[in-house]
Amino acid sequence: MKAITTFLALGLSIAASVSAAPLSLKRRAVDPALVPEFGHPAGLNPTGTGDCDGITNAAGQVVKIPCFCPPNRDEFIASLDANVAAGRVVNNPGVSASFPTDNSKESKLARMQAALVTLQNMRGPGVGCPAASTTFLAQQKAIQDGTDAPAAPAPQTPAPAPAPAPAPAPAGGVDPALVPEFGLQSGLNPTGTGDCDGIRNAAGQIVKIPCACPPERNAFIASLSQNVAAGRVVNNPGVSVSFPTDSSKASKLARMQAALVTLQNLRGPGVGCPAASTTFLAQQKAIQDGPDDGAAAPAPAPPATPAPAPAPAPPANSGGVDPALVPEFGHQAGLNPTGTGDCDGITNASGQVVKIPCACPPDRATFLASLNANVAAGRAVNNPSVAVSFPTDNSNQSKAARITASLITLQNLRGPGVGCPAASTTLLAQLRAVQG
């Protein structure tokens with residue numbers, strides 16, 4: 001009898017523990033089997049400047065698209081799931097999203113539209129991948145024309161959508177009341193390729209700007225505060241910054257200039273938002289043309305002593321390539337930034353300055369580390385079909401092989417065809433010199 005009692009107690013204990021265990025079941029908003037396939041792979045025929053081949057348009061021309069498009073399917077389905085659950089595009093709340101599950105034409109078109117707006121707004125309002133990175137528009141037309149066939153499902157378990165990063169709090173440097181207003185909101189009339197409407201130019205035309213511009217105001221003020229504290233643009237140390245607080249014309253113009261250079265260098269030298277994403281230039285002109293309200297005011301004390309720039313990390317040679325044999329870039333990054341991410345590269349054969357990303361050429365230590373990895377693997381790690389060798393003798397053939405290895409590494413630093421263009425260096429000129 002005692003054994004039976006013990007057995008029953010054990011059974012009840014197990015049942016209680018099972019019933020107490022939480023169920024971690026997440027209800028999905030979309031059925032992956034109903035999500036249209038992209039119909040196109042990412043990373044086709046990279047140019048080395050971040051562009052790859054998209055679909056062929058109606059004129060028979062291949063459309064250039066970012067090499068990372070279309071996105072990873074699991075991430076895409078997770079983003080679509082979040083949008084459908086919210087009933088709108090989370091990154092662009094003015095756009096609704098629905099995902100009916102029946103087989104009617106209207107429901108198929110609604111699902112296709114949900115996939116399109118998710119694709120085009122994956123990273124922000126109008127910031128995502130273009131429709132030309134998929135066959136979505138062709139599939140949409142086939143549905144409208146009644147010629148579509150049921151797609152073979154390819155269900156995958158989506159990764160959970162990452163939680164959005166909290167907005168940075170404003171730093172306690174500059175007085176926010178003295179920081180000029182942007183005068184324009186971000187995300188106006190997105191094209192779906194990352195462009196939105198900016199201000200109107202002198203000709204009355206709307207200037208296209210990145211949809212993420214102007215930036216979130218707290219983040220902007222935090223960046224401006226850092227720059228003013230350092231006495232220079234932290235992301236572009238050759239540009240000085242001051243933020244006097246009196247009401248003289250000179251001080252107002254200095255504050256406006258500080259706001260402009262902060263805006264244009266938010267994420268790196270020349271990598272930020274263009275002036276056309278704000279009314280800063282119009283405000284600047286109004287100050288220049290207006291009266292001097294505080295001409296007699298004394299000049300304020302200079303900002304805090306700039307913090308010393310961090311010393312660059314020395315290139316580590318972990319038994320791979322000899323840094324002394326790696327060709328020099330022959331060009332520096334961050335020359336004459338336009339504010340839209342472009343800077344001056346080399347001058348081409350026609351005598352014109354080529355525009356390049358301001359972050360190019362890359363930091364030398366980072367480049368050497370990537371070159372080391374490629375040479376050790378015998379191929380470009382980020383583009384495995386491209387072979388790499390780095391012979392060490394002094395023949396012209398070996399010199400050419402080393403320059404070629406450097407070029408391949410440069411152009412595939414962050415992915416297949418995603419890196420820096422050759423025009424950010426003199427490597428091609430060096431290669432021609434070696435080849436005679």
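Predicted model: local features only at pLDDT ≥ 70, side-chain atom pairs only at ≥ 80, totals over all residues.

Me: How many helices and strands are in the protein chain?
Reply: The chain has 10 helices and 12 strands.

Me: And what share of the residues counts as buried?
Reply: 39% of the 436 residues.

Me: How much of the contact set comes from residues 24 or more positions apart?
Reply: Such pairs make up 63% of the contacts with a separation of 6 or more.

Me: Let's take α7. Which of its residues are buried?
Reply: Helix α7 spans residues 280–289, and Phe 280, Gln 284 and Ile 287 are buried there. Seen down the axis, the buried residues of α7 fall within an arc of 60°, so they line one face of the helix.

Me: Why would that spacing give one face?
Reply: An α-helix has 3.6 residues a turn, so residues three or four places apart point the same way.

Me: What sits on the face turned away from the buried side of α7?
Reply: Ala 282 and Asp 289, which are exposed.

Me: And what do the buried residues of α7 pack against?
Reply: Two helices: α5 (217–230) and α6 (249–264).

Me: At what angle do α6 and α7 pack?
Reply: About 165°, with the axes 10 Å apart. An angle over 145 degrees counts as roughly antiparallel, and α6 and α7 are therefore roughly antiparallel to each other. The crossing of α6 past α7 is left-handed.

Me: Which residues of α6 and α7 meet?
Reply: From α6, Lys 249, Lys 252, Leu 253, Met 256, Gln 257, Ala 259, Leu 260 and Leu 263. From α7, Phe 280, Leu 281, Gln 283, Gln 284, Ile 287 and Gln 288. The residues of this α6 and α7 contact divide into eight nonpolar, four polar and two charged.

Me: What about the loop between α6 and α7: is Asn 265 buried or exposed?
Reply: Asn 265 is in that loop. Its relative accessibility is 4%, so Asn 265 counts as buried.

Me: Which residues does Asn 265 touch?
Reply: Not counting residues up to four places away in sequence, Val 233, Asn 235, Asn 236, Gly 270, Val 271, Gly 272 and Pro 337. Asn 265 and Val 239 are 26 residues apart in sequence, with a C-alpha to C-alpha separation of 9.8 Å.

Me: Switching to α9 and α10. How do their axes cross?
Reply: The axes of α9 and α10 (residues 427–435) come within 9 Å and cross at roughly 165°. That makes α9 roughly antiparallel to α10. Their crossing is left-handed. On the α9 side, the contact includes Ile 403, Leu 407 and Leu 410; on the α10 side, Leu 427, Leu 431 and Val 434 are among the residues. The contact of α9 with α10 divides into eight nonpolar, four polar and one charged.

Me: Is Leu 410 buried or exposed?
Reply: Buried, at 0% relative accessibility. Leu 410 is in α9, residues 396–411.
Reply: The peptide bond from Cys 69 to Pro 70 is cis, with omega near -5°. Pro 70 is in the loop between β2 (62–66) and α2 (73–86).

Me: What about Cys 213 and Pro 214?
Reply: A cis peptide bond joins them, with omega about -5°. Pro 214 lies in the loop between β6 (206–210) and α5.

Me: What is the phi of Asn 45?
Reply: About 50°, a positive value, although Asn 45 is not a glycine. Asn 45 is in the loop between α1 (2–20) and β1 (51–56). Asn 45 is exposed, with a relative accessible area of 52%.

Me: And Asn 189? What is its phi?
Reply: Near 50°, again positive in a residue other than glycine. Asn 189 sits in the loop between α4 (136–145) and β5 (195–200). At 52% relative accessibility, Asn 189 counts as exposed.

Notes:
Residues numbered from 1 in each chain as written. Heavy atoms only, no water. Buried < 20%, exposed > 50% of the residue type's maximum accessible area, 1.4 Å probe, protein only. Helix = DSSP H or I, 4+ residues; strand = E, 2+ residues; numbered from the N terminus. Arc of directions from axis to C-beta. Contact = heavy atoms within 4.5 Å. Axes fitted to C-alpha atoms, helices over the stretch in contact; angles between N-to-C directions. Parallel < 35°, antiparallel > 145°, perpendicular 65-115°, else oblique. Left-handed = near helix turned anticlockwise from the far one by under 90°. Nonpolar A, V, L, I, M, F, W, Y, C, P; charged D, E, K, R; others polar.
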